[in-house]
Amino acid sequence: MTKIFNIHGDCHPQLHYMVDLSSRLQKIKAMVDAGQYFTINRARQYGKTTTLLALGEILCKDYTVISLDFQLISQADFESEERFVAAFSREILDSTADIPASILDRLSFFAKLPAENKNIAFPTLKIQERKDYPCTHYSLNL
């Protein structure tokens, strides 16, 4: 298959022309290994998603990688701390199965907090496994 220039979504080295990210990814991994924080902020189509997915592939050898998309959390869930914590906890629970029992119990508790309020309706999340990456990644769709 002939490679193409991708202008929509994340890039895949076997399908798309792209820059070599290896040195950038090794620098970020060193920061993660050292317990440091990092940010990736650029305009559209600069490779943010591609970089994060590639980084996930490197990190999954040593860490549990959880990929969350805050665009899937409804605007109403940002209205209060309780609702945000519940939505965030549900996203984590829905995105991975490798959660230690002690953390799983806490996340499950937090995920149910707003459910006590009968006026709050939550969307159902569907998990779609992405098989186009060596490690398991999940896309969460409403």
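User: How many helices and strands does the protein have?
Analyst: The protein has 4 helices and 2 strands, taken as DSSP runs numbered from the N terminus, with H or I over at least four residues for helices and E over at least two for strands. Along the sequence they follow the pattern α-α-α-α-β-β. This is a predicted model in which local features need pLDDT of at least 70 and side-chain atom pairs count only at pLDDT 80 or more, while totals for chains, interfaces and linings use all residues. Residues are numbered from 1 along each chain as its sequence is written, and side-chain values use heavy atoms, with hydrogens and water left out.

User: What volume does the second largest pocket have?
Analyst: Its volume is about 560 Å³, where a pocket is an open set of points on a 1 Å grid over the protein atoms alone, fitting a 1.4 Å probe, with protein on both sides within 12 Å along at least five of seven lines, and the volume is the space filled by probe spheres set on the points, which are joined across faces, edges and corners.

User: And which residues lie nearest its centre?
Analyst: Gln 45, Tyr 46, Gly 47, Lys 48 and Thr 50 do, out of 21 lining residues, a lining residue having an atom within 4 Å of a point.

User: Which helix gives the largest share of that lining?
Analyst: That is α2, with 4 residues; α1 (22–33) and α2 (48–59) each supply at least two.

User: Switching topic, what percentage of the residues is buried?
Analyst: Buried residues, meaning those under 20% relative accessible area with a 1.4 Å probe and protein chains only, make up 27% of the 142 residues.

Conventions. Buried means under 20% relative accessible area, exposed over 50%, partly exposed in between (1.4 Å probe, protein chains only).
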